[in-house]
Amino acid sequence: MKITIIASGSGGNATLFTSRGTRVLVDAGVGPRTLAQYVAAVDAGGAGGAAGCALDAIVITHAHADHVGAAARYNKKLKIPIYASEATARAAALGDPERVRIFSSREPFAIGALTFSPRPLPHDAAQVALVVDDGARRAALVTDLGEIPPGLLEHVAGCDVLLLESNHDVDLLESGPYPQHLKRRIRSSRGHLSNREACALLAALPGGTHTVALMHLSERNNRPDLALDAARDALFGKRTRLVAAPPRGPLVLDASLPPAPPLGVRQLDLFSGM
Ligand SMILES: [Zn+2]
Ligand SMILES: [Zn+2]
């Protein structure tokens, strides 16, 4: 399974999951033209795995514009099924209802070679985490949550790839330019996950996750180096690769990779050799 992060953050979210001929876009925060451009860039770069951009379906996590803004356009242009929970379908413009498929936010559903296992997340819209399984590898997409709910760790444990929100640095948010009501909303238990909260989940992860991508980083209230430093400490000694998703990709992750060398050990070796 290949995972192509097309966009991540408040400017738009879209992640492509590809395995054995099945191609599903999760979230439609960028339009079909941007998607086609980014997929073409991946193919030109030789990373492969996402040739062309014919999609089998789109899955929407929740009804916020940065995740669903272009859904109706895909529905109209590509005439493919759009999957959403009932609450999301009610709250968002998904286009022609004939092509809208409703999933239960606690029941797995299959699209071609991929099985999606949703789980509700605390956010100020009905939101789900998704574990995507192609029978050989599993990847989890967990963004737009105000706190780590009970049972989430068990839901994502053992996934080969974890795409986890690391939205803001608490100090940058507090000292930043956002109005108080917006700061309160972001920090709340139905807002977004801070670097520190993301680290609590990362530190508790059992083995088996070879790649972690930090997602939905705020361009105002976070910096990739802060998020990565915190996550590196939380994952210290684990055999995990760590990346921060850029606001605009494409960034390709391969769920089939073997475990990485233990995080942090190479830096220590460098010091002891000096
Ligand atoms: Zn979002
Ligand atoms: Zn949201």
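The four donor atoms around the zinc ion (ligand 2) subtend angles of 92 to 166°, so the arrangement is irregular. The model is predicted. Its zinc ion (ligand 2) lies 3.6 Å from the zinc ion (ligand 1), and Asp 144 coordinates both. The other topic below is an open sheet of seven strands, with mixed pairing.

**Zinc site**
- The protein donors of the zinc ion (ligand 2) are His 62 through NE2, His 64 through ND1, His 123 through NE2 and Asp 144 through OD, at 2.2 to 2.4 Å.
- Along the chain, these donors follow the spacing H-x1-H-x58-H-x20-D.
- His 64 lies in the loop between β4 (57-59) and α2 (65-68), and Asp 144 in the loop between β10 (138-142) and α5 (152-156), so the pair ties together parts that are 80 residues apart in sequence.
- Asp 144 counts as buried because its relative accessibility is 1%, against a cut-off of under 20%.

**Sheet**
- The strand order is β7-β8-β9-β10-β11-β12-β13.
- β7 (109-111) and β13 (241-244) are the edge strands; each has a single partner strand, so one side of each has no neighbour in the sheet.
- From one strand to the next, the twist averages 20°.
- β12 (residues 211-215) pairs with β13 in the parallel sense over four bridges, and Ala 213 stands opposite Val 243 in β13.

**Helices on the sheet**
- Helix α8 (residues 195-204) lies across β11 (161-165) and β12, and runs at about 155° to β11.
- Helix α9 (residues 224-234) packs on the sheet and touches β12 and β13; the direction of α9 makes about 155° with that of β13.

Methods. Residues numbered from 1 in each chain as written. Chains lettered and ligands numbered in written order. Predicted model: local features only at pLDDT ≥ 70, side-chain atom pairs only at ≥ 80, totals over all residues. Heavy atoms only, no water. Donors = N, O, S within 2.8 Å, 3.2 Å for Na, K, Ca; no water. Tetrahedral: all angles 85-135°; square planar, octahedral: opposite > 155°, others 65-115°. Helix = DSSP H or I, 4+ residues; strand = E, 2+ residues; numbered from the N terminus. Buried < 20%, exposed > 50% of the residue type's maximum accessible area, 1.4 Å probe, protein only. Pairing = 2+ DSSP bridges. Axes fitted to C-alpha atoms, helices over the stretch in contact; angles between N-to-C directions. Contact = heavy atoms within 4.5 Å.
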